[in-house]
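Come and read along with me.

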Amino acid sequence: MLDDIWVDDAVHELRPDFAVLVMTAHGLANGPTDDRSRAWLAAAAEAEAQPAKIDAWKDAYRAFGAKPQRTRPSVDALTRRMPLPEINRAVDAYNAISVKHALPIGGEDLDRYSGPARLVRAAGDEPSEEALGTPEPGEVIWRDDLGVTCRRWNWRQVARTRLTEETVNAIFLLERLEPMTLEELKEAGEELADLLAELSPGVRIATRLLSARN
């Protein structure tokens, strides 16, 4: 999967500063929230607000016609939910890193994908789960061979690929716009990898950076 993931040129034309650090984790030992992941969430909730990073995502949403006050970028929605929600250990890990760095992160079950993940601008007829509705033409979506996996860039993921306590192999999408630097994106990825390794000492982590430059 890692080598086959791609971002459509039309997305980079919309936001040339977009980059995504893709991380796969094989051999994950997930489970319900525990004191360790609860502490990660509590520490992240104390992080200093970084409005410029969130504003960049709001501008990106407006660029393809979405209203960020109605369908908020994931990191904007998450930082408004205090205390941070407890989901499961792996989700708690990436939510903590997301809030700390004001960085949208998606985490999904790799074994529930059909074909590679790709970020595209929608034609408007892509299959999607009823609860999320059909994407609008030009909307930025993550998808696989079966259809939408996340609408409006990082607004909402489908249930099909959701990370659960039974997930063994996962994919994480760390999405960056300026003013976040590529160096900070790399640091956030390393921090997430460290948390996943703490949860699952035998986990195998691999990463790939996709940007307009590569």
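Which element gives the largest share of the lining of the second largest pocket? I looked it up, and α3 does, with three residues.

Before going on, I noted that this is a predicted model, where local features need pLDDT of at least 70, side-chain atom pairs count only at pLDDT 80 or more, and totals for chains, interfaces and linings use all residues. Residues are numbered from 1 along each chain as its sequence is written, and side-chain values use heavy atoms, with hydrogens and water left out.

**Entry: my terms.** On a 1 Å grid over the protein atoms alone, a cavity is a set of points where a 1.4 Å probe fits but cannot get out, while a pocket is an open set with protein on both sides within 12 Å along at least five of seven lines; lining residues have an atom within 4 Å of a point. A volume is the space filled by probe spheres set on the points, which are joined across faces, edges and corners. Helices (H or I, at least four residues) and strands (E, at least two) are DSSP runs, numbered from the N terminus.

**Entry: second largest pocket.** I found a volume of about 170 Å³ here. Of its 13 lining residues, Glu48, Ala49, Gln50, Ile54 and Thr79 are the closest to the centre. Both α2 (35-45) and α3 give two or more residues to this lining.

**Entry: largest pocket.** This one has a volume of about 730 Å³. I counted 28 lining residues, with Ser74, Tyr94, Asn95, Trp155 and Gln157 closest to the centre. The elements giving two or more residues are α4 (74-79), α5 (89-101), β3 (105-109), β7 (156-157) and β8.

**Entry: α5.** I then turned to α5, which has 13 residues and reaches 19 Å from its first C-alpha to its last, close to the 18 Å expected at 1.5 Å a residue (1.5 Å times one less than the number of residues). Twelve of the 13 residues are buried (under 20% relative accessible area, with a 1.4 Å probe and protein chains only), so α5 is largely enclosed by the rest of the structure. Tyr94 and Asn95 are among the buried ones. After α5 comes alanine 102, whose phi is positive, near 50°.

**Entry: cavity.** I found one cavity of 30 Å³ or more. Its lining includes Ala102, along with Lys53, Trp57 and Met180. The elements that give two or more residues are α3 (51-63) and β8 (169-176).

Definitions and conventions:
Buried < 20%, exposed > 50% of the residue type's maximum accessible area, 1.4 Å probe, protein only.
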